[in-house]
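Reader: I am new to this structure and would like to learn how to read its features one at a time. Could you give me the general idea before each case?

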Amino acid sequence: MAGVGARLLPVMGRPVLLLLALCTAGAGGLYFHIGETEKRCFIEEIPDETMVIGNYRTQMWDKQKEVFLPSTPGLGMHVEVKDPDSKVVLSRQYGSEGRFTFTSHTPGDHQICLHSNSTKMALFAGGKLRVHLDIQVGEHANNYPEIAAKDKLTELQLRARQLLDQVEQIQKEQDYQRYREERFRLTSESTNQRVLWWSIAQTVILILTGIWQMRHLKSFFEAKKLV
């Protein structure tokens, strides 16, 4: 996965499985296992207006040979992507091997979920499926050999194109970091303000309680003297 970072989330009450993938350019993909009705979700931090490409392929467990083999063509995988506001960006059915693409319109954590829609897996694979997933973010998602062939670019022109894309991606990531810092600052200010008002409220309550106790004790002692 190439991007800011990815985390694997627990779904459907499964035990917590946290995977921090501090991804860099050229980093390889990963694989994970899912059951027949199980769902796996990843959180990918994506800047604004950034293209994301995901490639996956599945393997089914062969109980006789005790190895993972390529899945049958009839196996289907459903991919769903939600933006930081929980709005669905992509929801589509794919085959046992496929590629999905989307462009972010809101900076922040995007949730990418995959699950199988086939019950054949329970019959032929014992309910066990291995999914290989590779997510490319930003300029890493560009297929430069294809771009060069399509636009008939020279090697120098292609290199210039790559550098411009890298600069643009760096600017997007810097904007996203500033956005995160601004959110953190606002959250900190809001928290500090709430703490301040709570401290003031506690002080006022203590002062009022002290005044009430003093008046109550004064009345008590005056009553004792009169008696």
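Author: Let us start with burial: a residue is called buried when its relative accessible area is under 20%, exposed when that area is over 50%, and partly exposed in between, using a 1.4 Å probe and protein chains only. This is a predicted model, in which local features need pLDDT of at least 70 and side-chain atom pairs count only at pLDDT 80 or more, while totals for chains, interfaces and linings use all residues. Residues are numbered from 1 along each chain as its sequence is written, and side-chain values use heavy atoms, with hydrogens and water left out.

Reader: How many disulfides does the structure hold, and which residues form a disulfide?

Author: A disulfide is a pair of cysteine sulfur atoms within 2.5 Å. The structure holds one, formed by Cys41 and Cys113, whose sulfur atoms are 2.0 Å apart. The link is right-handed, with 110° about the S-S bond. Helices (H or I, at least four residues) and strands (E, at least two) are DSSP runs, numbered from the N terminus. In these terms the pair links distant parts of the chain, since Cys41 lies in strand β4 (residues 39-46) and Cys113 in strand β10 (residues 108-116), 72 residues apart.

Reader: Does Cys113 count as buried or exposed, and what about Cys41?

Author: Cys113 counts as buried because its relative accessibility is 1%, and Cys41 counts as buried because its value is 3%.

Reader: Which strands pair with β10?

Author: Two strands pair if DSSP finds at least two bridges between them. β4 and β10 pair in the antiparallel sense over eight bridges, and within that pairing Ile46 has Gly108 of β10 as its bridge partner. Strand β7 (residues 77-82) also runs antiparallel to β10, joined to it by six bridges, and here Lys82 has Gln111 of β10 as its bridge partner.

Reader: What does the side chain of His78 make a polar contact with?

Author: A polar contact is a pair of N or O atoms within 3.5 Å; within protein, one must be able to donate a hydrogen and the other to accept it, and residues adjacent in sequence count only if both atoms are side-chain atoms. His78, placed in strand β7, makes such a contact through its side chain with the side chain of Ser91, at 3.2 Å. His78 is buried, because its relative accessible area is 18%. Contact in the wider sense means heavy atoms within 4.5 Å, and, leaving aside neighbours within four places in sequence, His78 is in contact with residues including Arg92, Cys113 and His115.
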